[in-house]
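Trainee: I have a structure open and want to learn to read it. Can we go through some features together?

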Amino acid sequence: MASPSLLTPPPVPVELYVTNRQKLLKSFRQHLSDSARPLQGIVLLQGGDERTRYDTDHLELFRQESYFAYLFGVIEPGFYGAIDIASGKSILFAPKLPPDYAVWSGEIKPLSYFKEKYDVSMAYHTDEIAAVLHKLYPELEKPLLFLLHGLNTDSKNYAVPANFEGIDTFVTDLNTLHPILTECRVLKSELELALIQFANDVSSEAHVQVMRNIKVGMKEYQLESLFLHHTYMYGGCRHCSYTCICATGDNSAVLHYGHAAAPNDRTLEDGDIALFDMGAEYQFYGSDITCSFPVNGKFTSDQSLIYNAVLKAHDAVISVMKPGINWVEMHKLAEKIILESLTEGSVLVGDVMDMMAERLGAVFMPHGLGHFLGIDTHDPGGFLQGLERPEGPGLSSLRTVRDLKEGMVITVEPGCYFIDALLDPAMENSKTSKFFNVEAVNRFRGFGGVRIESDLLVTANGCRNMTNCPRETWEIEAVMAGSPWPIVKKSIPT
């Protein structure tokens, strides 16, 4: 039996993390020079620690803190990492493991192992941090440490600065590192793009496998299981980029469905639309893909209306994306096209520009159009210092307002949902009620929603879609009926 995958997980060159450190060093030195500050000091980051489940001894599967992963690629917990601004030397500090670690968890690796594995200049134990860092600047009573501390504009959480015994013998700077390192993560190198592309490739394959195997009567979690199996079995992806959203029927209008209180457990019914938002993570780098399709493999006229409205918006944004294009304008373009399609389908009535002025698009697409993607699903850097989040429904949910730059990876994920909690107030509001064809809207109550999401690399002259899933309705129906993907178009004899 032929394998459902032609992919082989690619090796991850340690050069990737060396390049990331060099990128930070160059940007940091430039910043210090521009600020007339001496080119000295030590960047210090603390990696993540293993955690147990509440008060038990059950260890949760460890995944490295993202900034630390970006600079050092370390998969083990309990590490610190330093970069000396003056010399450019990099240092890893490994935890000193107890002897019985070798009994329960395997060989205790020597420091030389980590020095070679992660291609750093030096490696020591974590109980040596203060002494080693002081030796870098013996002439200073209190050397300067640049620590990571800053706001994640998506989560609203702050990065936690490194802490260790003896930190009080250093001067600490909590303001300089975070914005510089965050901006380094925004533009991806070729080595990073190769990993993001593989995560996309294996995730795209897995989405197709889900399409091929879905059947009325299955549980949503069975499709989640198929996706996770494929990406792990054929892609070596032990981690997912985020919790899978496997929504069918009216669940597909729940934007963050799949969480612990709504655990992908509905039984699929004939006539349902499915919205599956799932992406694998490979060697820290992620993907974020959403496919929407009918559970029974055939689009109804109403499903086609909503699906094609979203697809048209998805394709229109991609067709104009290039460096210099503002993301807020792309969001508004997607809204406008969806409103136009709903008007053409007689779900809405009136002038689309008047609808835009009243922010009606946010009733059907309350989330932002997309977000940066990389080591985190919602990669940081969406809001440079000085950029404000826009106000108003939909716009306030944008994860970036920046102009596009070559090297950015950003998702394009327009959607159209029928959410009672948004429809009812809008249909009762004197400014927006006139736009609704009440009979048509009521026909779609319980429909759920459609989202189409692809991962785009901004190139010098446009963009490149890194996702490869069936998108046209005829492609989806053909693949669900057993056609190969990609579909080979037969030439017409002349």
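Mentor: Start with Gly449, which is buried, with a relative accessible area of 0%. Buried means under 20% relative accessible area, exposed over 50%, and partly exposed in between (1.4 Å probe, protein chains only). One caution: this is a predicted model, where local features need pLDDT of at least 70, side-chain atom pairs count only at pLDDT 80 or more, and totals for chains, interfaces and linings use all residues. Residues are numbered from 1 along each chain as its sequence is written, and side-chain values use heavy atoms, with hydrogens and water left out.

Trainee: Which residues does Gly449 touch?

Mentor: Contact means heavy atoms within 4.5 Å. Leaving aside residues up to four places away in sequence, Gly449 touches Ser252, Ala253, Ile273, Leu275, Cys416 and Tyr417. Thr248 is 201 residues from Gly449 in sequence, yet their C-alpha atoms are 9.0 Å apart. Gly449 itself belongs to strand S15 (residues 449-451). Helices (H or I, at least four residues) and strands (E, at least two) are DSSP runs, numbered from the N terminus.

Trainee: What is the strand order in the open sheet of 3 strands?

Mentor: Two strands pair if DSSP finds at least two bridges between them. Here the order is S13-S16-S17, with antiparallel pairing. S13 (409-412) and S17 (463-465) are the edge strands, each with a single partner, so one side of each has no neighbour in the sheet. S13 is joined to S16 (residues 454-458) by 4 bridges. In one of them, Val412 has Ser454 of S16 as its bridge partner.

Trainee: At what angle do the axes of H7 and H8 cross?

Mentor: Axes are lines fitted to C-alpha atoms, for helices over the stretch in contact, and angles run from 0 to 180 degrees between N-to-C directions. H7 (residues 190-213) and H8 (residues 220-235) cross at roughly 140 degrees, and their axes come within 9 Å. That makes H7 oblique to H8. Angles under 35 degrees count as roughly parallel, over 145 as roughly antiparallel, 65 to 115 as roughly perpendicular, and the rest as oblique. Among the contact residues are Phe198 and Val202 of H7, and Leu223 and Phe227 of H8.

Trainee: How many residues of H15 are buried?

Mentor: In H15 (residues 473-480), 6 of the 8 residues are buried, so the helix is mostly covered. Those six are Thr473, Glu475, Ile476, Ala478, Val479 and Met480. Their cover includes H7, strand S12 (289-294) and helix H9 (301-320). After H15 comes Gly482, with a positive phi near 115 degrees.
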